[in-house]
Amino acid sequence: MNYYNIRQSFFILSSTIKVEETQKIDKFLRLLEKSCVCNLLHEKIVREEKDKGGRPGYNSYNLLAAILYSFAFYKASLRNIEDLCTYDLRVIYILESETPTYKTIGNFINKYIAPNRDQIFSLITKEIFNTSIKKGNINFKY
């Protein structure tokens, strides 16, 4: 047995997110909730999904949030998003520890996000606009 050895981790990385980061992510998720993007997604999924059997799917609302988060804060490709779902604690927090593959992410984007991209963008932009005006953070007057 000279050629094989047992590998052990000598240290354990922290797997918790700072409170400030969770607060930022929670604000992001509340923004998505208020924008009613999930309602748009819900209508499309309910119409198309049927009891097909097989493996249960991913939480589509969390997957949408993770994809939007990845596109907003990273230079994201499907493989990069897959890596973020596996290694980035913020995306893991959003997905509640689910780890979709790049193929699942690509199918979700093609099936739900790409056909509705204009509506998704306008709903999120309107909510950002409304939230900013209410808080007085941004002046949109010329």
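Which residues in α3 meet which residues in α6? In this predicted model, local features need pLDDT of at least 70 and side-chain atom pairs count only at pLDDT 80 or more, while totals for chains, interfaces and linings use all residues. Residues are numbered from 1 along each chain as its sequence is written, and side-chain values use heavy atoms, with hydrogens and water left out.

On the α3 side, Ser60, Leu63, Leu64, Ile67 and Phe71 meet Ile105, Phe108, Ile109 and Ile113 of α6 (contact means heavy atoms within 4.5 Å). Eight of these residues are nonpolar, one is polar and none is charged (Ala, Val, Leu, Ile, Met, Phe, Trp, Tyr, Cys and Pro count as nonpolar, Asp, Glu, Lys and Arg as charged, and the others, Gly among them, as polar). Helices are DSSP runs of H or I with at least four residues, numbered from the N terminus. The axes of α3 (residues 60–73) and α6 (residues 102–113) come within 11 Å and cross at roughly 100° (axes are lines fitted to C-alpha atoms over the stretch in contact, and angles run from 0 to 180 degrees between N-to-C directions). Helix α3 is therefore roughly perpendicular to α6 (65 to 115 degrees).

Helix α3 also packs with α1 (residues 19–34), at an angle of about 115° and with the axes 11 Å apart. Here Phe28, Leu29 and Leu32 of α1 touch Ala65, Leu68 and Tyr69 of α3. By class, this contact of α1 with α3 has six nonpolar, no polar and no charged residues.

Notes
Helices (H or I, at least four residues) and strands (E, at least two) are DSSP runs, numbered from the N terminus. Angles under 35 degrees count as roughly parallel, over 145 as roughly antiparallel, 65 to 115 as roughly perpendicular and the rest as oblique.
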